[in-house]
Amino acid sequence: MSAKPADASRPRAADPKKVHIADTVMTRGNWYKHVNWLNVFLIIGIPVYGCVQALWVPLQVKTAIWAVIYYFFTGLGITAGYHRLWAHCSYSARLPLRIWLAAVGGGAVEGSIRWWARDHRAHHRYTDTDKDPYSVRKGLLYSHLGWMVMKQNPKRIGRTDISDLNEDPVVVWQHRNYLKVVFTMGLIVPMLVSGLGWGDWWGGFVYAGILRIFFVQQATFCVNSLAHWLGDQPFDDRNSPRDHVITALVTLGEGYHNFHHEFPSDYRNAIEWHQYDPTKWSIWAWKQLGLAYDLKKFRANEIEKGRVQQLQKKLDQKRSRLDWGTPLDQLPVMEWDDYVEQAKNGRGLVAIAGVVHDVTDFIKDHPGGKAMINSGIGKDATAMFNGGVYYHSNAAHNLLSTMRVGVIRGGCEVEIWKRAQKEGAGYVRDDAGQRVIRAGEQVTKIPEPIPTADAALLSTPPFTTCAPLTVTIRSPLHSTFYLPAFLVLLLGVLLVTVAPPLRLSSPAFRLSSVLGHFRGSRLPSTSHSALTNLRKSLTTASMAPKHLRRPPQAPPVFTATAQSIVDDAKRLIEASRKVQDDVVATVKPDTATFNAVVKPLAQDENVMSLESHILGFYQAVSTQQELRDASSKAEELMDEFFIEAAMREDVFQLVDAVLKKNESLDPESRRLLEKEHKDFIRNGLGLPAGPKRDRFKEIKKRLSQISIEFQKNLNEENEGLWFTREELDGVPEDVLAGLKKGEGEHEGKLWLTFKYPDLFPTMKYAKNPETRKQVMIQNENKCNQNVPLFREAIILRDEAARLLGYPNHAAFRIEDKMAKTPETVNTFLGDLRSRLTAGGQKEIKSLLEFKKSDLESRGEKFDGHYYLWDHRFYDRLMLEKDYSLDQQLIAEYFPLQTTIEGMLKIFEELFGLVFVEITGEDREKVAPTGKGSDIVWHEDVQIFSVWNDEGEGSGFVGYLYLDLFPRTGKYGHAANFNLQPGFIDAEGNRRYPATALVCNFTKPTPKKPSLLKHDEVVTLFHELGHGIHDLVAKTIYSRFHGTNTVRDFVEAPSQMLENWCWTPSQLKSLSKHYSTLSPDYLAAWKEQAGSQEAPSEQIPDSVIENLIRTKHVNDALFNLRQLHFGIFDMTVHQPESHEKIKELPISATYNSLRKQITQMEGPESLGLGEEWGHGEATFGHLIGGYDAGYYGYLSSQVYSTDMFYTVFKDDPMNPTAGRRYRYKVLEKGGSQDEMTTLTEFLGREPKTDAFYKDMGLA
């Protein structure tokens, strides 16, 4: 669509001999001649004048309303008048309406109707060519504004017929009197209405006149630019027009531009009822009033044909990129005897429906095992493949098509094809001429399934006609296949009948796993609620079907000594260094290729990671000090080597040469190459060799040492405080029972550590505020040896970033994240803070009332302050009193082990997995050493083999470890650790991952199992989510495996899964009162509960209701706390100068920011100063990889909430959606751009709407 303020800008005649200025090269000497100064004055100058006037001309409400109304009037003059009436003749209008549209259209100041419509018809006729007056091919800015402010040669614009316009008296009159119309309707009328109406002459002139004109013009210009750049092309993609709701909103409905260019004579731009097109609505209304008639509409049939054809075109393009196998007419013809002979000589050939397939490389990967597929080699396997042994899936037929190597002379499909050629029938083909293969039409698909178990024994020659194949079926009772199936089925019926009255509760039996062995597939008609109710305990290896007992890959072993850890690290380093040296020695830049340079390096990284992750893991879990020290030393050695490797210029030159050659690579290999190249630059090779590069390397090594030492101090922290029982009044008895009892001078006291199982219950339940204050202050000072390390780290990071040319460390770190710039992060955090602050103040006001009431009820004085150590206590009290929420009662329904079983069951149903716990003797069977204790690092650790269920092919997935209870020297929080990544090895085989969940939940006692508070249930589900991400990822390179994504996305998949912990049906299915687990627990519960009625087995609906209601109670304060962490992180990592970071009082900054953001007071209010605590010294995230990245916990919630609301909210247990999420998001890891992953899963770019809606901030 066009727009131009004045007809006078176009010359009336041109000298044919004179070269037009637009056809000359723009130089410094003649640039001003290329500019259309009149249009610059009208389009830019006058609006600037209006903006200046607006500084001292106040905007009255009435004037603002009038300006908006007149904006719509003049906008309709363009869209309904200039465009749809005169340019496209899509309807007819009576004289009064035509006069009104011509008048208000002139008020938009976009040229006369005659001139405007002429250019617009040229635009449609010559779209995206040189004759298009505002072609987007010349640039977005040119199509928006450039074509008006720069002179154009009128001879270059395509010719169009405007004879109908020359015969329209309204058009002719407006053209001749255009300037009068402009000044009258553009400025005088809006000023008169405001002046005569309410005395606002200047306001009418500035706001309803000048600025209104500016906005109308810019909206129209968006049709020329934005509508050719943003959106979809549902009807035609040969040219640039697109449909998008944003453009429609700006342009009164003109944004459905792809439809408009395809069907220009239709009076509608939007054809769906929900699409925004006020111009269409206005024309329809005028028709009802008798002002418009003859509204033209394209036939719906033709519109749908256009839509379908475009969909088919896109489908064909996608189809053309897929491998459908060699076409039959291109395959060599084989005699049956030749086929049998080749199969006997070791070639894995299988004949199905007359087509020969080479399955040699697939035998080892066959989901049904080698024996089944081997039984069909050299035979006619048509029957066994089509139901005789297994009725193969559509995917299996597709996979088989890629293995075609020949056709048997006279085979069925060949005969069909020959007959089709003779009869001239042919096949349905796509735009590229390729045959379209629809589901069920694969050449290997036989319409009637062959229901026999003996099909595998068939070895007759292939059929030579196309008659239906018949196979004799033996009596089921005599079949070697059906007899055991019948017996097991009978046993299953007996168990289902007898088990309920006997209250069988064995955690080791999964009937569905056993019976599933004899069923063909899942029953898709089973409701999700039924699936939930049918959940049973997890499978153990001894009870699992045979194919789930022996994983194809042994688990890792944990038999290291302090010496072997260091020695292994050195061995790995030397081996890796040799690979790099060999590449440099054998490859030169001119011969460098991906396979010669990058692939060997990547394969070395793959192999090294199988051991290196475990060597570093010991420091987080080992009970032996010497092993932890050795692990730290090994990590330091490996980090130093990685720094050295990342700064090898000889390797970088080869990688650089590979990148410049721009080889054709698969997407993941291309991503690896680009990241490898960029990593060299970001590790200092962009610096010239010499002092700067040496200093950068020195900084990197020191930062590695700091990180290791910092984390080691946190892991080995064993601080605590002695308290009397009176001082701990209110803390649950089961917590107190687990505390160490004092002796000697501490007789009668209890030792309270700062581990989560001690810390959180104390802060929530201890009635004595002095106790809570002591615990809080001491917890912030428990690792003060880390204070100088933190300061040194942020100073060194800043120095390193500035050496590389970045303004600060945040800019360096965020550059390759989803956010891209610190400004984006700061804007996001600032916006969220402004939205949350008022809510935080309101929540504190309510909590203060609780504090006042509580203290007065105990006869204590209320001082009017709300302190940091008050929050957990009064937050809990509010939940109990206002929402009847008893966290202790809720915990009774979530014993740790049954909750884990329930969670794993959710993952089984959602993602198509099976978890088989490996216990007792079964550990010895899978351990490569034959010793079961070797495959775990502590006796508390559980290990599971993880498999795909039958619907997903029954293949092995990996190993999951659970280490759930605290102990000395162990990592003190909750986290998931990758032990071994998955990847494709050098021989093309898949390595399967191993992943560990490390938590610190309360240990079980003789009277109670470990019980989880609801927030611990959420934490467990979150970390298990990371574990599942780590397990199901399938990437070529370990670099991208699992959670190896950018930091501001990595939390999103796990945060998304947290929503299941707030879903009533899932909470119900996860719950099981601990008293029902054993007679001993029941007796212990009765002893504690006295005469209370026995609890229900599952959590009551009323309790769930109360819990769900509390999801966002005091949510603003919780998120302000997260904001404190994120803003502190950004503050210390983006100083104005290097000197500023050296001078920054870090602890004071941490504490003062917390007070400003959370609005909760700390010890500084009691006169202890702002250096009272050193929380940054306990902030492992900022040293362990989340530096300038903690914002990711909040920004990734935008993505996680969007995914849940869009896909799962209505049906969280939908297996189709779950599998789609698995394969579209989790399986990708970091192998593709994370925004691409999100967009492909959501079907659009992510939005913030669900995030703010969920937080109540929409």
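A: What follows goes through the salt bridges pair by pair, then turns to a helix packing and a surface patch.

The model is predicted. It holds 63 salt bridges. Side chains of opposite charge can pair when their charged atoms come close.

Start with R648 and D581. Their closest N and O atoms are 2.8 Å apart. The pair links distant parts of the chain, 67 residues apart. R648 sits in the loop between helix 25 (625-646) and helix 26 (649-661), while D581 belongs to helix 23 (residues 562-586). R648 has a relative accessible area of 13%, so it is buried. D581 is partly exposed, because its relative accessibility is 35%.

Next comes D949 with R1219. Here the closest N and O atoms of the salt bridge are 3.4 Å apart. D949 lies in the loop between strand 12 (942-948) and strand 13 (956-963), and R1219 lies in helix 49 (residues 1215-1226), so the pair ties together parts 270 residues apart in sequence. Both D949 and R1219 are buried.

The E1087 and K1007 pair is another salt bridge, with the closest N and O atoms 3.1 Å apart. E1087 is in helix 43 (residues 1079-1089). K1007 is in the loop between strand 17 (994-998) and helix 39 (1014-1032). The pair therefore ties together parts that are 80 residues apart in sequence. E1087 counts as exposed, because its relative accessibility is 58%. K1007 counts as partly exposed, at 45%.

Salt bridges can also share partners. E605, E676, D679 and R1039 are joined in this way into one network.

Now the helix packing. Helix 45 (residues 1115-1133) packs against helix 47 (residues 1146-1158) at an angle of about 145°. Their axes are 9 Å apart. The crossing of helix 45 and helix 47 is right-handed. Helix 45 contributes several residues to the contact, among them L1117, L1120, R1121, F1125 and F1128. From helix 47, the contact includes I1146, Y1150, L1153, R1154 and I1157.

Last, the surface patch. V61, I65, V68, I69, F72, F73 and W100 make a nonpolar patch of about 600 Å². Helix 3 (residues 61-87) supplies the largest share, six residues. W100 lies in helix 4 (residues 95-106). W100 is partly exposed, with a relative accessible area of 31%.

Notes:
Residues numbered from 1 in each chain as written. Predicted model: local features only at pLDDT ≥ 70, side-chain atom pairs only at ≥ 80, totals over all residues. Heavy atoms only, no water. Patch = residues over 30% accessible without salt bridge, like charges linked within 9 Å, V, L, I, M, F, W, Y side chains within 5 Å. Areas by Shrake-Rupley, 256 points an atom, 1.4 Å probe, with all protein chains shown as cover. Salt bridge = Lys/Arg side-chain N within 4 Å of Asp/Glu carboxyl O. Helix = DSSP H or I, 4+ residues; strand = E, 2+ residues; numbered from the N terminus. Buried < 20%, exposed > 50% of the residue type's maximum accessible area, 1.4 Å probe, protein only. Axes fitted to C-alpha atoms, helices over the stretch in contact; angles between N-to-C directions. Left-handed = near helix turned anticlockwise from the far one by under 90°. Contact = heavy atoms within 4.5 Å.
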